Amino acid sequence: DKTIAALEALHLANGERRSEPMLHWLRKGGFSPLVARVQTEREFMQQLLAPPNVVLMDHALPGLKAERVLEVLRERDLDIPLLVIGTAKDEEDAARILRAGAEDFIVGDRIAGLGEAVRNALRRRELRRHGDRRTELALRASEERFRVTFNQAAVGLAHVSPDGHYVLVNRKLCDILGYSAEELLQKTVWEVSHPEDREATTLDRKRLLAGEIDTFSVEKRYLHKNGSTVWMNLVVSQIRNAAGKAEYDVAAYEDITQRKSFEEAL
């Protein structure tokens with residue numbers, strides 16, 4: 001955490017087309033990046049005179065390819081994580097670029113998790129610097145297992161900041177509420193709650209934050225993007241850092257609308 005907090009610069013190797021979304025999701029992920037935009041290999045090499053912490057690259061950047069960026073970094077013996085941002089049609093290139101040494105290839109909705117991707121890349125670099133290759137590989141495998149499990153879960157899952165903002169959501173939650181990941185990450189848990197149920201978890205959240213309880217569950221109503229009501233069984237627990245400070249809540253959402261409709265019919 002100290003290494004991440006001490007970051008002074010994040011340089012982007014990309015054009016203007018996707019630079020603003022990159023910056024937006026970096027800031028949402030907890031970074032305050034100092035940015036140098038470059039579009040040519042010459043400009044990129046000039047930035048390496050004062051090496052950045054991370055290079056983010058638009059896959060569509062003309063005249064400069066990810067493989068060449070990695071080659072330049074190796075020539076200068078610089079261990080700087082490269083993360084490439086593309087679109088769904090670029091997925092065929094992803095495996096080749098990852099084999100070449102890129103830290104990540106981010107496609108589509110995954111750009112909403114750019115902050116976490118950068119944070120993971122920096123952690124892996126620290127492990128490499130300490131010579132712990134086995135731990136680095138284990139971390140990579142763990143991250144991939146988490147990503148697959150999180151997105152393929154049968155219930156909605158989310159990480160929620162202490163101030164109530166969504167910071168990570170899975171596909172199931174997006175399906176249940178009708179929003180894209182980008183849309184949900186712009187909202188708080190209260191904005192998608194039914195007006196009559198917005199205070200339903202206030203007391204429990206305060207007790208959770210104070211460390212009085214480890215978890216709580218409640219049945220409450222949410223609003224679908226189309227305005228309809230969705231009943232959920234919500235289970236919330238909290239993740240704390242080594243110092244005991246609350247970092248984020250883990251929320252699990254089970255859609256119980258059909259069950260509630262049946263109960264009302266009875």
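Where is Thr201 found? Thr201 sits in the loop between helix H9 (181-184) and H10.

All views show a predicted model, in which local features need pLDDT of at least 70, side-chain atom pairs count only at pLDDT 80 or more, and totals for chains, interfaces and linings use all residues. Residues are numbered from 1 along each chain as its sequence is written, and side-chain values use heavy atoms, with hydrogens and water left out.

**View 1. Thr201 and its surroundings.** Thr201 has 2% relative accessibility and therefore counts as buried (under 20% relative accessible area is buried, over 50% exposed and in between partly exposed, with a 1.4 Å probe and protein chains only). Leaving aside residues up to four places away in sequence, Thr201 touches Phe216, Val218, Lys220 and Leu234; contact means heavy atoms within 4.5 Å. Thr201 and Lys220 are 19 residues apart along the chain, and their C-alpha atoms are separated by 8.9 Å.

**View 2. The open sheet of five strands.** The strand order is S7-S6-S10-S9-S8, with antiparallel pairing. Strand S7 (166-169) and strand S8 (215-223) stand at the edges with a single partner strand each, so one side of each has no neighbour in the sheet. From one strand to the next, the twist averages 30 degrees. Helices (H or I, at least four residues) and strands (E, at least two) are DSSP runs, numbered from the N terminus. Two strands pair if DSSP finds at least two bridges between them.

**View 3. The hairpin of S6 and S7.** Five residues lie between the two strands of this hairpin, and Gly164 in the turn has a positive phi of about 90 degrees. Strand S6 (residues 156-160) pairs with S7 in the antiparallel sense over three bridges. His159 has Leu168 in S7 as its bridge partner.

**View 4. Helix H10 on the strands.** Helix H10 (residues 202-209) lies across S8, strand S9 (229-240) and strand S10 (246-255), and runs at about 15 degrees to S9. Axes are lines fitted to C-alpha atoms, for helices over the stretch in contact, and angles run from 0 to 180 degrees between N-to-C directions. Helix H11 (residues 257-265) packs on the sheet and touches S8, S9 and S10, with its direction at about 130 degrees to that of S9.

**View 5. Helices H4 and H5.** The axes of helix H4 (residues 66-75) and helix H5 (residues 91-100) come within 10 Å and cross at roughly 5 degrees. In H4, Ala66, Glu67, Leu70 and Arg74 meet Arg96, Ile97 and Ala100 of H5.
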